[in-house]
Amino acid sequence: MRGETFVTRKITRAVAEIVLGLKNKLWLGNLDSKRDWGHAKDYVEAMWRILQQPTAEDYVIATGISTSVREFAKMSFSYAGIEIDFAGEGVNEKGFVVNVNNPDCKLKKGDIVLEIDKRYFRPAEVEYLLGDATKAKEKLGWTPSYSVQETAKEMVEADIEHFKKELVLKQSGYKTPNRFE
């Protein structure tokens, strides 16, 4: 369970809210940043394997695959039945709906669902992060089982289920706090 301020979680939560009509848009910073994102189940297994070792050592636990924020956002929308594309550059870049394959979604072609906010750019941004888990593979016999695509799909599906409950509460007259923005 990633915190809501982690960019992957921010994206999947916003996708769920947008698809369900609870939010209009996702605001992000640098779409070109690339990260090595993996699944918590894989990392927990790696931690368990490390703890089974007779002597303590340092290990890098990573997938070895780097994905941009833009790619993660695009795949997250796709798992919710929304195909998006991007136009513009820098802070003027926008993500817009190309196709809707979700009959429950009220979005239409051309709707802007993602925009850039310069407040989300980090002053000391690291553009590219990629881990090398060779030692973990060789000494622990560990390799990740989940792809970033599977991770994004699982996160989007879980967040849609969560926000469906919030939607029912709102439709029943209850107030739900916006705690994360």
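Reader: Is the crossing of H3 and H5 left-handed or right-handed?
Author: The crossing of H3 and H5 is right-handed, meaning that the near helix is turned clockwise from the far one by less than a right angle. This is a predicted model, in which local features need pLDDT of at least 70, side-chain atom pairs count only at pLDDT 80 or more, and totals for chains, interfaces and linings use all residues. Residues are numbered from 1 along each chain as its sequence is written, and side-chain values use heavy atoms, leaving out hydrogens and water.

Reader: At what angle do the axes of H3 and H5 cross?
Author: The axes of H3 (residues 69–79) and H5 (residues 148–171) cross at roughly 50° and come within 9 Å.

Reader: Which residues make the contact?
Author: H3 contributes Phe72, Met75, Ser76 and Tyr79, while H5 contributes Val148, Gln149, Ala152, Lys153, Met155 and Val156 (contact means heavy atoms within 4.5 Å).

Reader: Which residues of H3 are buried?
Author: They are Val69, Phe72, Ala73, Met75, Ser76 and Phe77 (buried means under 20% relative accessible area, with a 1.4 Å probe and protein chains only). Among the elements that they pack against are helix H1 (7–19), strand S6 (112–116) and H5.

Reader: Turning to Glu93, where is it found?
Author: Glu93 lies in the loop between strand S4 (82–87) and strand S5 (94–100). Glu93 is buried, with a relative accessible area of 9%.

Reader: What does the side chain of Glu93 make a polar contact with?
Author: Its partner is the side chain of Arg70, at 2.9 Å (a polar contact pairs N or O atoms within 3.5 Å, one able to donate a hydrogen and the other to accept it).

Methods: Axes fitted to C-alpha atoms, helices over the stretch in contact; angles between N-to-C directions. Helix = DSSP H or I, 4+ residues; strand = E, 2+ residues; numbered from the N terminus. Buried < 20%, exposed > 50% of the residue type's maximum accessible area, 1.4 Å probe, protein only.
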